[in-house]
Amino acid sequence: MLRGRAVTLRPATDADVPALAAIRADPEVRRWWRGGDDLAAAVRADLADDELTVYAVEHEGRVVGAIQWYAESDPDYRHASLDIFLDPAVRGAGLGGDAIRTLARHLIDEYGHHRFTIDPAAANTAAIRAYAKVGFRPVGIMRRYERDADGRWHDALLMDLLADELAD
């Protein structure tokens, strides 16, 4: 269990699937985190992915989202990539930044990671601003990076953060 200033991160379990699927079903979240018609199955698939570590984000005893990471295994390119989603009802309270800082600090201290990436949709300006507050910097646009639910390709912004740039 990892404790931030306002959030607690704990390994997500099957018991978290209904809450996480409900958050992902919210239109504000689903716009950026799709997952097909069965969001519970999408959450279960993430939990079952051996290359992905998923934490439930808790605030005041309630699951308010998830944060996940995976590591590039090639030692010459070693880094961790992060993804996060939160219930829109708790946005604006700094919980996303707290969760990212808490996980990044853990990955630095326990795994020796020196670099992190995150790749929000280029149109997701709220997420980009939130990541910048933690210290992530734009690296560049990944053109036509992701196919959206509308079938069209959309750009993403690659952002990275070095361990010594983490804003505490």
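**Exercise 1. Which residues does L9 touch, and to which core does L9 belong?**

Solution. Contact here means heavy atoms within 4.5 Å. Not counting residues up to four places away in sequence, L9 touches M1, L2, Y55, A56, V57, I67, A99, T102 and L103.

This is a predicted model, in which local features need pLDDT of at least 70 and side-chain atom pairs count only at pLDDT 80 or more, whereas totals for chains, interfaces and linings use all residues. Residues are numbered from 1 along each chain as its sequence is written, and side-chain values use heavy atoms, with hydrogens and water left out.

Next, consider the core. A nonpolar core is a set of buried Ala, Val, Leu, Ile, Met, Phe, Trp, Tyr and Cys residues joined through side-chain atoms within 4.5 Å; buried means under 20% relative accessible area, exposed over 50%, and partly exposed in between (1.4 Å probe, protein chains only). The largest such core has 32 residues, of which L9, I67, L103 and F136 touch the most other members.

**Exercise 2. Which element supplies the largest share of this core?**

Solution. Elements are DSSP runs numbered from the N terminus: helices (H or I) of at least four residues and strands (E) of at least two. The largest share, seven residues, comes from α4. Apart from this core lies another, of 16 residues, including W33 and L52.

**Exercise 3. Describe the aromatic pair formed by W69 and Y111.**

Solution. Rings of Phe, Tyr and Trp (its six-membered ring) pair if their centres lie within 6.5 Å; planes under 30 degrees apart count as stacked, over 60 as edge-to-face and the rest as tilted. The whole structure holds three aromatic pairs. For W69 and Y111 the centres are 5.3 Å apart and the planes 55 degrees, so the pair is tilted. It links W69 in strand β4 with Y111 in helix α4, 42 residues apart. W69 is buried at 8% relative accessible area, while Y111 is partly exposed at 42%. Y111 is also touched by H106, a residue of α4 that is buried at 17%.

**Exercise 4. In which sense do β7 and β8 pair?**

Solution. Two strands pair if DSSP finds at least two bridges between them. Strand β7 (residues 137–147) and β8 pair in the antiparallel sense over seven bridges. M142 stands opposite A156 in β8. Five residues separate the two strands of this hairpin, and G151 in the turn has a positive phi of about 90 degrees.
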